[in-house]
Amino acid sequence: MSRPGYAQTGQRLCYDSAGREIPCPGSGQDGDFRAGAPWPDPRFAITGEGVLDSLTGLTWSRDANLGEFPMTWNEALAFVDGLNRERRFGFDDWRLPNRRELRSLIGYQTRKPALPDGHPFTNLFQSWYWSATTAAISPAHAWYVHLAGGRMFYGNKGESFLVWPVRGAGNGLLAATGQRACFDDAGDPQACAGTGQDGETRIGAPWPEPRLETVQDGVLDRLTGLIWRRSTDQGPVDWDGALAAVGGSGPWRLPNINELESLVDCAAHDPALPPNHGFSGLHDAYWSATTSRFEPDWAWALYLNKGAVGVGHKKAARFHVWPVFTAM
């Protein structure tokens, strides 16, 4: 992989603000640009009791509910440690995925579950799945992903959710989350060794140093090759207004949701961005060019203060605009 960072969302169709399908050319939507690393075809290959994702190089358990019951975050980490002690399916390198790895399975053209068409997984539950990544804004919580629609938020570590183990270091497409510390279920710092948390494993392509570089009226992300508008103080507008704000503005476009999420530093909050980022006029929420297939009159957005990935109603003038273009 020549450059790590993000993949295409999988969205192939385009929708207006009422949720009706429209032609993609000239729309400025995700289904028009389809930015990011393309998905291989076929994407998944069954390997015994595992499934290799050829997009990321990660291997997931084919059974998406090996634990059978929801677990607290500590129980989830301990369950995966137990898989390694017993060498489940012949391997001892299973782990709880970090939030970027878990999100990488989401397909944004599908719903219930929001996984790529033709996936070979079994025992899927359309519910929340834990990641190994603590929420920097509230360290007694950890990030989780909902398989019905693809939302990513954080839940209390003492609550019970599902577990989907992964193994392998990947092929370099996915970047590290930026998390470097570990926290117990009360949110207190703890030593990382032996925890299995994201702050210990730090799986993913390392970030360049410096990562972000100011270039005229933009900021170059040297991790992804994307240039972002330096001033992000456009809005709030509705979704049509966000698309119109960048339409015809040279190379600038509205980013897809994977591009927006790629900016997040999981060690930071308010904003959840790498240090010395160089941006000005920051706000909490930004529109993406990606429609929600769960409800096509809604679109995906990044909640920047938290680093969460959620949705907003397309006709509501609530979110801001953060233009981007691909530098190289």
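These legends describe close-up views of a predicted model.

**View 1. Four strands form an open sheet.**
The strand order is β12-β13-β14-β20. Pairing in this sheet is antiparallel. Two strands, β12 (212–215) and β20 (324–326), sit at the edges. Each of these edge strands pairs on one side only. Neighbouring strands are turned against each other by 25 degrees on average, direction ignored.

**View 2. β12 and β13 make a hairpin.**
Strand β13 covers residues 218–221. Four bridges join β12 to β13, and the two strands run antiparallel. Look for Glu 213: its bridge partner in β13 is Leu 220. Two residues lie between the strands of the hairpin. In the turn, Gln 216 has a positive phi of about 55 degrees.

Helix α2 runs through residues 73–85 and has 13 residues. From its first C-alpha to its last, α2 reaches 19 Å. That is close to the 18 Å expected at 1.5 Å a residue. The buried residues of α2 are Trp 73, Ala 76, Leu 77, Phe 79, Val 80, Gly 82, Leu 83 and Asn 84. Just after the helix comes Arg 87, with a positive phi of about 50 degrees.

**View 3. Thr 133 is a buried residue of strand β6.**
Strand β6 covers residues 128–134, and Thr 133 lies within this stretch. Leaving aside residues up to four places away in sequence, Thr 133 touches Asn 98, Arg 99, Ala 142, Trp 143, Thr 177, Gln 179, Asp 198 and Cys 266.

**View 4. The side chains of Thr 133 and Asp 198 meet in a polar contact.**
The contact spans 2.8 Å. Asp 198 is among the residues that Thr 133 touches.

Key
Residues are numbered from 1 along each chain as its sequence is written. This is a predicted model: local features need pLDDT of at least 70, side-chain atom pairs count only at pLDDT 80 or more; totals for chains, interfaces and linings use all residues. Side-chain values use heavy atoms; hydrogens and water are left out. Two strands pair if DSSP finds at least two bridges between them. Axes are lines fitted to C-alpha atoms, for helices over the stretch in contact, and angles run from 0 to 180 degrees between N-to-C directions. Buried means under 20% relative accessible area, exposed over 50%, partly exposed in between (1.4 Å probe, protein chains only). A polar contact is a pair of N or O atoms within 3.5 Å; within protein, one must be able to donate a hydrogen and the other to accept it, and residues adjacent in sequence count only if both atoms are side-chain atoms. Contact means heavy atoms within 4.5 Å. The expected span of a helix is 1.5 Å times one less than its number of residues.
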